[in-house]
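Open your viewer and get the selection panel ready. We will go from stop to stop, with something to pick at each one.

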Amino acid sequence: MEQIVRNIWNSHQILLASHENPDGDAIGALLALGLFLESIGKKIIMYNASPIPAVYNFLPCVDTITSKLNSVKPYDAAIILDCGNIDRVGEMADKISRIPVIINIDHHITNTLFGTCHLVDPEACASAALVFHLINEMGGKISKDIATCIYTGILTDTGSFRFSNTKKRTFSICEDLMSCGVEPFEVARHVYGTYSLGRIKLLNMALESIEISPNGKLSFMTLTQKMLKETGTHPEDADGVINYARRIEDIKIAVLIQELEDNHPATYSNGSCSTGSCSDDKYHVSLRSNGKIDVAKIAMAFGGGGHINASGFTTKAGLGELKNMITEMADKNSELCIAN
Ligand code: 5GP
Ligand code: MN
């Protein structure tokens, strides 16, 4: 923490970035820290490779997040938020990693501890919670806007305070955030309140697609590009649908397979893509479990990562082959406790 604070004070132009296909935590943590650094006079740019899902449009200054970076030359430091490895930043990862000081702030158990210094705490409920601690450590003031961004990160990453990362500390941070002016009802209204008709139809298709593995322990949902086109939706409209597959009785691992667009941007232009997404990857796979079943292990075996109960990866494998590989891996790996 001290090293990070020192590096921030010593930097003039700072680039902040979070993972592609951002969720509420990736956006909340990015905006909260960006707004704070601006308030203390730093020149900053907030970068995310992907479009921001519409449900987060209510967040302050969300339209200042840019997906275009011409050059990384002006920046003397980069702060990478909510990324288990630097490739998660997306197509600019290579360039960004050349910035002289890289600060890694994250809560994924699979974090590779990349960068000059890191604040990585797998016990933290959200990267936004780590931003809260960092601002306090710097003696900063948390405005209502900053608090709203942090709260959004915590709300979404804890699945509305339902997942196992919800701790006593989580509520104590949220109590402080309310003292800074956060209105939980308003945030929830924006994040969960209104869905397009297309999103509801997509949910229907996702539910229709549920298949149970022969051993009865895994549930698979599959979403194709055709389904997105038919319903006029985007990948982020599938946020949270995997939780239906997870809730099914006796299911140990829920899997959501989402077909990627042809020629989606690759992490690397040089053809090496051992850990990031490659342009010829066909599917993004999300994995969810409950309790001790560690799906981060499965994701890592496929070159991805995440948390014990929520992880993901992208792959070139075909659909049938992919389902078989995941089922087999879950069955064979006794450490996953799937038999219990
Ligand atoms: P989701 O299934 O919602 O995309 O992601 C679940 C968790 O796994 C998130 O914490 C996310 O950051 C992580 N994750 C998802 N996809 C990937 C991936 O391709 N690589 C890595 N390292 N982590 C991923
Ligand atoms: Mn997160």
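Here is the tour, after a short note on conventions.

This is a predicted model, in which local features need pLDDT of at least 70 and side-chain atom pairs count only at pLDDT 80 or more, while totals for chains, interfaces and linings use all residues. Residues are numbered from 1 along each chain as its sequence is written, chains are lettered from A and ligands numbered from 1 in the order in which they are written, and side-chain values use heavy atoms, without hydrogens and water.

**Domains.** Colour residues 2-192 as domain 1 and 197-336 as domain 2; these bounds come from an automatic or database domain assignment. Their C-alpha centres lie 25 Å apart.

**The metal.** Next, select the manganese ion (ligand 2), which D25 (OD), D82 (OD), H107 (NE2) and D157 (OD) coordinate at 2.2 to 2.3 Å. Donors here are N, O and S atoms within 2.8 Å of the metal (3.2 Å for Na, K and Ca); water is not among the atoms, so the site may look incomplete. Both D82 and H107 are buried (under 20% relative accessible area; exposed is over 50%, partly exposed in between, with a 1.4 Å probe and protein chains only).

**The core.** Now show L16, L33 and I79, the residues with the most contacts inside the largest nonpolar core, which has 54 residues. Such a core is a set of buried Ala, Val, Leu, Ile, Met, Phe, Trp, Tyr and Cys residues joined through side-chain atoms within 4.5 Å. A second, separate core of 19 residues includes Y47, A49, I102 and F114.

**Last stop.** Pick M329, which is partly exposed at 26% relative accessible area. From its C-alpha to that of K297 is 9.8 Å, although 32 residues separate them in sequence.
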